[in-house]
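Welcome! Please take a look at the model shown here before reading the notes below.

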Amino acid sequence: MRSLIPFAAVDPKTRLDSVLTADERAAFARVMLRSVCATLHETGYEPTVLSTASLDDTALPASTAVVVDDQPLTAAVNDQLAATEPPTLIVMADLPLATPDAIRRFIAASDDAGNDADIAIAPGLGGGTNALVVREPAFRVDYHGASYLDHHEIAADLGATVETVDSRQLATDIDEPSDLAEVLIHGDGPAREWLVEAGVELDTGDGRVGVRRS
Ligand SMILES: Nc1nc2c(ncn2[C@@H]2O[C@H](COP(=O)(O)OP(=O)(O)OP(=O)(O)O)[C@@H](O)[C@H]2O)c(=O)[nH]1
Ligand SMILES: C[C@H](OP(=O)(O)O)C(=O)O
């Protein structure tokens, strides 16, 4: 199955700006991208990174294809869907807890006893769409906001079947500083390592666990 990883290369992860500088956000976004690429490679896919700007080769595992398209996310992904035959797997670049097992379970769950769902969605905790399998040729994405609900509506309008796959590892996208706590608690890969080296640590004071700089 063709697989795409959309990536905002310029000034990424702005919602982390209370914890990370602009250079750190750019570096951390690339660490997460590299981790998701490696996860897909390990799962047996050859992902294409759909990036808003060209990328230094060191940002990616060897032999990862890059397509540069500086359109906004939804338009760039939809042009890719229009240009190729389904199925397409789309996995966001900010899922540092994603593992090959989680991807395999997502794909397997989207295939219910041999009846492939037209659309399979691994929702993000905030209502977004962290991973998507598109088997319906007419389906087009509409990211941002509660895109999980929007994608259900778009599928319903097409009479397409939808499978929602509940996966903690795929649900954890890194948007807000509190999401970094999830990486420190549950991660065991390069994103966690990068945060520890940068001096980002758990803040277990009152209320919800967060992060602070050491
Ligand atoms: N190709 C492409 N990918 C995008 C674009 N905007 C976001 N992405 C990617 O889509 C996924 C989810 O995006 P967001 O959580 O909105 O990421 P972001 O824009 O880096 O973060 P914020 O600045 O905090 O909104 C990540 O993999 C991003 O790298 C875009 O305009 N084009
Ligand atoms: C791209 C967007 O991501 P979020 O802003 O929810 O991280 C979405 O999943 O629709």
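This is a predicted model: local features need pLDDT of at least 70, side-chain atom pairs count only at pLDDT 80 or more; totals for chains, interfaces and linings use all residues.

Residues are numbered from 1 along each chain as its sequence is written, chains are lettered from A and ligands numbered from 1 in the order in which they are written, and side-chain values use heavy atoms, leaving out hydrogens and water.

**Overall build**

- Seven helices and 11 strands make up the list of elements in the protein (DSSP runs numbered from the N terminus: H or I of at least four residues for helices, E of at least two for strands).
- A compact globule of 214 residues would have a radius of gyration near 17 Å, and the protein agrees because its value is 17 Å (taken over C-alpha atoms; the globule rule is 2.2 Å times the number of residues to the power 0.38).
- Along the principal axes, the C-alpha atoms fill a box of roughly 50 × 40 × 30 Å.

**Ligand 1**

- Around ligand 1 there are 17 residues, the closest being Pro6, Ala8, Thr14, Leu50 and Ala93 (a residue is near if one of its heavy atoms lies within 4 Å).
- This shell divides into nine nonpolar, four polar and four charged residues (Ala, Val, Leu, Ile, Met, Phe, Trp, Tyr, Cys and Pro count as nonpolar, Asp, Glu, Lys and Arg as charged, and the others, Gly among them, as polar).

**Ligand 2**

- The residues around ligand 2 are Arg15, Leu73, Gly128, Thr129, Tyr143, His144, Ser147, Asp173 and Asp175.
- They divide into two nonpolar, four polar and three charged.
- Oxygen atoms of ligand 2 lie 2.6 Å from a polar side-chain atom of serine 147, 3.1 Å from a side-chain N or O atom of aspartate 173 and 3.4 Å from a polar side-chain atom of arginine 15.
- The protein covers 87% of the 300 Å² of accessible area that ligand 2 has on its own.

**Backbone details**

- Most residues other than glycine have a negative phi, and most peptide bonds are trans.
- Lysine 13, in the loop between β1 (2–7) and α1 (22–43), has a positive phi of about 55° although it is not a glycine.
- The peptide bond from proline 86 to proline 87 is cis, with omega near 5°, and proline 87 is found in the loop between α2 (73–83) and β4 (88–91).

Key: A polar contact is a pair of N or O atoms within 3.5 Å; within protein, one must be able to donate a hydrogen and the other to accept it, and residues adjacent in sequence count only if both atoms are side-chain atoms. Accessible areas come from the Shrake-Rupley method with a 1.4 Å probe; for residues, only the protein chains shown count as cover.
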